[in-house]
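I opened the model and kept notes as I went.

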Amino acid sequence: MYLRTLLEVNVRAKIGKEHLRAQVLASHCLTWVSRVSRRGLKSNERRLEVMRIHTFVIGSVLALALFLFAQKRPETAQPGGFREVVDLTHSLPANGFEKPQKSGYRLETVALSERIPPSQGSESQASEQFATRIDAPARLRRGTWTVDQIPAGRLIGPLVVLDVSASTKSNPDYEISVQDIATWEQANGQIPLGAVVMARTGWGSRWNSVRSYRNADSKGLMHFPGYSRDAARFLAEGRNALGLGIDTANLDRGSARKSAVAQYAAEHGLYLLANVANLDRMPTNGAVAMVAPAKVAGGATAPVRILALVR
């Protein structure tokens with residue numbers, strides 16, 4: 001804040017100097033015009049000539065002053081030393097429930113009215129309702145935070161990206177393990193406490209193909225990567241993560257019979273982010289995540305806008 005204020009003061013001072021310089025130039029020009037006019041106004045033609053010169057000089061000085069001011073305006077910079085802001089969100093179609101879409105998932109009218117599940121441990125069918133979405137703990141555990149109850153302070157935190165895309169190429173059912181986290185920490189240092197952890201599986205490249213994104217077999221069982229329960233437990237209890245995200249449709253792998261990861265996260269107050277976009281543009285660490293869900297009263301899930309501030 002101090003440096004920003006100092007920069008603004010310096011810029012204003014430079015602009016002030018240029019403005020003063022333009023004023024002095026204008027004063028000199030007007031003095032010259034006055035001297036010319038005092039030599040004798042012997043005819044109407046002489047008067048008209050002086051007036052034309054007077055108008056020309058004033059216009060030129062004003063144009064010069066505006067040019068100098070424009071040259072000295074400070075450039076727009078990202079706040080807090082961040083070099084760019086990256087949107088990690090797939091767009092919701094404007095008429096998602098009226099027209100067929102090319103994207104993997106679309107908005108359904110039922111999603112906006114979905115409330116807490118009727119009983120603890122029951123599973124809602126929300127996996128395909130939104131493009132990029134947030135699942136609140138209340139989706140799988142009654143009495144925990146709904147979307148609108150998640151504390152605002154938990155929606156901003158350091159962004160950590162676990163890149164397991166190499167492992168998923170040969171195994172679409174790959175589960176992110178504690179070993180993957182250990183490998184990340186060996187290269188980058190310990191995951192900061194209170195982080196938003198994202199898994200980059202490479203599945204985002206399939207977004208525009210429903211068939212490829214779901215990757216269903218002949219029996220209709222989907223195959224895409226997810227977290228292991230042990231990894232979720234380590235991130236929640238060992239690193240105090242605020243939320244977990246992934247570039248697939250769910251935190252549990254597509255072929256999982258039970259939502260073990262989602263259930264564990266709900267029991268421990270973590271929110272889940274699915275269908276996250278543009279993780280290939282993210283550094284493994286150093287960015288800050290800003291999670292902004294639609295504030296659906298009593299909602300268990302909602303569309304979300306995720307922004308990453310990159311240093």
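**Salt bridges**

I searched the whole structure and got 9 salt bridges, a salt bridge being a side-chain nitrogen of Lys or Arg within 4 Å of a carboxyl oxygen of Asp or Glu. Before going further I noted the ground rules. The model is predicted, so local features need pLDDT of at least 70 and side-chain atom pairs count only at pLDDT 80 or more, while totals for chains, interfaces and linings use all residues. Residues are numbered from 1 along each chain as its sequence is written, and side-chain values use heavy atoms, with hydrogens and water left out.

I looked at Arg-281 and Glu-84. Their side chains meet in a salt bridge at 3.8 Å, N to O. Arg-281 sits in the loop between strand 8 and strand 9 (287-293) and Glu-84 in strand 1 (residues 84-87), so the pair ties together parts 197 residues apart in sequence. Helices (H or I, at least four residues) and strands (E, at least two) are DSSP runs, numbered from the N terminus. Arg-281 is partly exposed at 46% relative accessible area, and Glu-84 is partly exposed at 25%. My scale: buried is under 20% relative accessible area, exposed over 50%, partly exposed in between (1.4 Å probe, protein chains only).

Next came Arg-133 and Asp-135. Their salt bridge has its closest N and O atoms 3.1 Å apart. Arg-133 counts as buried at 1%, and Asp-135 counts as buried at 5%.

Then I checked helix 6. Arg-233 and Glu-237 both lie in it, 4 residues apart, about one turn of the helix. Their side chains meet in a salt bridge at 3.6 Å, N to O. Arg-233 is partly exposed at 43%. Glu-237 is partly exposed at 46%. I also found a network: salt bridges that share partners join Arg-83, Glu-84 and Arg-281.

**Cores**

Which residues have the most contacts inside the largest nonpolar core? I listed Val-197, Tyr-227, Leu-235 and Leu-244, in a core of 28 residues. A nonpolar core is a set of buried Ala, Val, Leu, Ile, Met, Phe, Trp, Tyr and Cys residues joined through side-chain atoms within 4.5 Å. Elements supplying at least two residues each include strand 3, helix 4 (178-188) and strand 5 (196-200). Helix 7 gives the largest share, 5 residues. Another core lies apart, with 26 residues, including Leu-155 and Ile-306.

**Helix 7**

I counted burial here: 6 of the 8 residues of helix 7 are buried. Among them are Gln-263 and Tyr-264. The cover includes strand 6 (226-227), helix 6 and strand 8 (271-274). Gly-269 follows helix 7, with a positive phi near 80°.

**Cavity**

I ran the cavity search on a 1 Å grid over the protein atoms alone; a cavity is a set of points where a 1.4 Å probe fits but cannot get out, and lining residues have an atom within 4 Å of a point. The count is 1 cavity of 30 Å³ or more.

Notes
On a 1 Å grid over the protein atoms alone, a cavity is a set of points where a 1.4 Å probe fits but cannot get out, and a pocket is an open set with protein on both sides within 12 Å along at least five of seven lines; lining residues have an atom within 4 Å of a point. Grid points are joined across faces, edges and corners, and a volume is the space filled by probe spheres set on the points. Contact means heavy atoms within 4.5 Å.
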